[in-house]
Amino acid sequence: MLEAAAHIDDETALASTTNPAWCERDILAHLAAAERGMIRTIERFLSGDELPANFDLDYWNQRQVQKRAQRSVADLLDELKASRQQLLALLDRLSEEEMAVKGMHRSEERRVGKECRSRWSPYH
């Protein structure tokens, strides 16, 4: 993912994607925010805190992209790299018991370890 994102620059960032609402830059902003969001989600699962009843993932995603609208591609890439390293460091610290913890994400129950191994591996 980081390798693919590294090919985006300020000139190509406005290129359209298969999602007509977002350009390449918006997707990069979303990924940078999502990595940080996953850290908070894992921490919430581990602490046993519930997702707020009024949480709207689509709104959160759009708001995170909007908050990053004025940032350069280089800044977004730096944020993505830093948050990826923080997420991987968190995963490295988790015990097997912690990796088995379940919690609610949106409307689905997910397990920390399963989600992290499938979606946030260094090879994703």
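Residues are classed as buried when their relative accessible area is under 20%, as exposed when it is over 50%, and as partly exposed in between (1.4 Å probe, protein chains only). The model is predicted, so that local features need pLDDT of at least 70 and side-chain atom pairs count only at pLDDT 80 or more, whereas totals for chains, interfaces and linings use all residues. Residues are numbered from 1 along each chain as its sequence is written, and side-chain values use heavy atoms, with hydrogens and water left out.

The chain contains six helices and two strands, taken as DSSP runs (H or I, at least four residues, for helices; E, at least two, for strands) and numbered from the N terminus. Of its 124 residues, 40% are buried.

Helix α4, residues 73-93, has 21 residues and spans 30 Å from first to last C-alpha, close to the 30 Å expected at 1.5 Å a residue, the expected span being 1.5 Å times one less than the number of residues. Among the buried residues of α4 are Val 73, Leu 76, Leu 80, Leu 87 and Leu 91.

The axes of α2 (residues 24-47) and α4 come within 9 Å and cross at roughly 25 degrees, where axes are lines fitted to C-alpha atoms, for helices over the stretch in contact, and angles run from 0 to 180 degrees between N-to-C directions. Contact (heavy atoms within 4.5 Å) involves residues including Leu 28, Ala 32 and Ile 39 of α2 and Leu 76, Leu 80 and Leu 87 of α4.
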